[in-house]
Amino acid sequence: MWIERDIKNKIQRAAGTRPVVLLTGARQTGKSSLLQREFNKAEYITFDSIDYARSADESPSFFLEQFNNTEQVIIDEVQYVPGIFRQLKILVDRERRKYGKWILTGSQQFELMENISETLAGRIGVMRLETLSASELRKGPVGYNREFIYKGGYPELWSNPGLNSDDFFESYVRTYIERDLRNIIQVKNLSDFQRFIKLLAARSGQLINYSVIASDTGVSDVTIRKWVQAMQLSGIIYLLPPFHTNMGKRLVKSPKVYFADHGLLCWLLGITGLDDWADHVYRGNIWENIVFMELVKTQGLRPGADIFFYRDQNGVEIDFVTECSNTLSLIEAKAAERVEPGKLNFKKVSQLFAGKKKVRSFLMNNSQEKKILKFGNYYAINPLLTDFDLAGKNLD
């Protein structure tokens, strides 16, 4: 069963205007399957193959020259041979207008992104594939299912109905997170790292405090910072900085942490069904994580670039603030089906920008309504049931 991905048109546009296209993202988000489907006549090579990776690493020129007469090539998991980019630049510069010949994927963004910025600037289109959004499920053959709340969006969980989500996540953590990250950051004690991952899950939607996590894990602050960075750059988590008109203050204040897939988050918290989620102490945090990722997946927002959180010295908070041109969107995420207006801080925060910016306010709650509703100064939306556009003119 195939579920169409919204990013496919963006990938095709990039392939029509750039010699190289790179699709990044965490393991098992469907990168390889999507590219092989979209470019079904391309030759496919994966550096998961030890022999291919070794050959390309030792003789990148010889390896790539074999594709001189090939119309299009997909190279999977290029992070295993980061040295290939310099030779790829030489080949691309011979045929700068042969667009879309080199289609690449990468699951880890450590040296990968650094090497690309140095060698292929202006020659490459880079995109990131997340797990399935609720919108993609609704439009696909599966349709939306409330199990999405705890299963998340890894494509295989939905394309293979017989696959048990508990088995999937146990295998995912052992095979990809523990194996890949352990090798990269040289984890000495696996039990410490396993404890760290679960402690991080329990802090989803909260300010990240490295000292507290270090104390609870039993390792140093420096180690925790390295592990968090590894989780972030491998696509497992996002760090969301605070909103501030002073860009410098955005960088120095503590960020909040979110998981890139809420299904993985739920599994780490021991949630394997809707009843578990409904009664869970972190129910509100999980819903906030769900809303955050739906914003990233469907609105094309980039944490730290155009989406932030707001918190002032008086404790007034807004879960998410998006910034586009001269418009701010204030977004509150509430797991309840109905929310008392007095619990929302839209008015307190919006008045700070009166006369400076246009402000829209959104409540994203777990309602059963499939339409966008308006109550006073804010719109109410369940992002799991309703397509929306924060910048939509129809909201004015």
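Modeller: Terms first: an axis is a line fitted to C-alpha atoms, for helices over the stretch in contact, and angles run from 0 to 180 degrees between N-to-C directions. Helices (H or I, at least four residues) and strands (E, at least two) are DSSP runs, numbered from the N terminus. This is a predicted model, in which local features need pLDDT of at least 70 and side-chain atom pairs count only at pLDDT 80 or more, while totals for chains, interfaces and linings use all residues. Residues are numbered from 1 along each chain as its sequence is written, and side-chain values use heavy atoms, with hydrogens and water left out.

Colleague: Fine. At what angle do helix 12 and helix 13 cross?

Modeller: At roughly 105°, with the axes of helix 12 (residues 210-217) and helix 13 coming within 8 Å. That makes helix 12 roughly perpendicular to helix 13. The label covers 65 to 115 degrees; under 35 is roughly parallel, over 145 roughly antiparallel, and the rest oblique.

Colleague: Which residues make that contact?

Modeller: Helix 12 brings Y210, S211, I213, A214 and T217, and helix 13 brings D221, I224, R225, W227 and V228. Contact means heavy atoms within 4.5 Å. By class, the contact of helix 12 with helix 13 has six nonpolar, two polar and two charged residues. Ala, Val, Leu, Ile, Met, Phe, Trp, Tyr, Cys and Pro count as nonpolar, Asp, Glu, Lys and Arg as charged, and the others, Gly among them, as polar.

Colleague: And how do helix 11 and helix 13 cross?

Modeller: Helix 11 (residues 190-201) and helix 13 (residues 221-233) cross at roughly 70°, and their axes come within 11 Å. Helix 11 and helix 13 are therefore roughly perpendicular to each other.

Colleague: Which residues of helix 11 meet helix 13?

Modeller: D192, F193, F196, I197 and L200 do, and they meet I224, W227, V228 and M231 in helix 13. The residues of the contact of helix 11 with helix 13 comprise eight nonpolar, no polar and one charged.

Colleague: Back to the start of the chain. What is the angle between helix 1 and helix 2?

Modeller: About 60°, with the axes of helix 1 (residues 8-15) and helix 2 lying 11 Å apart. Helix 1 and helix 2 are therefore oblique to each other, and their crossing is right-handed. K8, I11 and Q12 of helix 1 contact L34, L35 and E38 of helix 2. That contact of helix 1 with helix 2 has three nonpolar, one polar and two charged residues.

Colleague: Change of topic. How many disulfides are there?

Modeller: Zero, searching the whole structure for pairs of cysteine sulfur atoms within 2.5 Å.

Colleague: Is C266 buried or exposed?

Modeller: C266 counts as buried because its relative accessibility is 0%. C324, at 51%, counts as exposed. The cut-offs are under 20% relative accessible area for buried, over 50% for exposed and partly exposed in between (1.4 Å probe, protein chains only).

Colleague: Now the backbone. What is the phi of Q28?

Modeller: Near 70°, a positive value in a residue other than glycine. Q28 sits in the loop between strand 1 (20-24) and helix 2 (31-38) and, at 30% relative accessibility, is partly exposed. E77 also has a positive phi, about 60°, although E77 is not a glycine. The loop holding E77 runs between strand 3 (73-76) and helix 5 (84-94), and E77 is buried at 5% relative accessibility.

Colleague: What does G25 touch?

Modeller: Leaving out residues up to four places away in sequence, G25 touches K31, G106, S107, R128 and L129. G25 is in the loop between strand 1 and helix 2 and is buried, with a relative accessible area of 0%.

Colleague: Last two. Where is A333?

Modeller: In strand 10 (residues 327-334), buried at 7% relative accessible area. A333 and L363 are 30 residues apart in sequence and 6.2 Å apart in space, C-alpha to C-alpha. Contacts of A333 beyond four places in sequence include W287, E288 and M364.

Colleague: And where is Q299?

Modeller: Q299 belongs to helix 17 (residues 283-299) and counts as buried at 19% relative accessibility. Beyond four places in sequence, Q299 touches E294, F388, D389 and L390.

How values were computed
Left-handed = near helix turned anticlockwise from the far one by under 90°.
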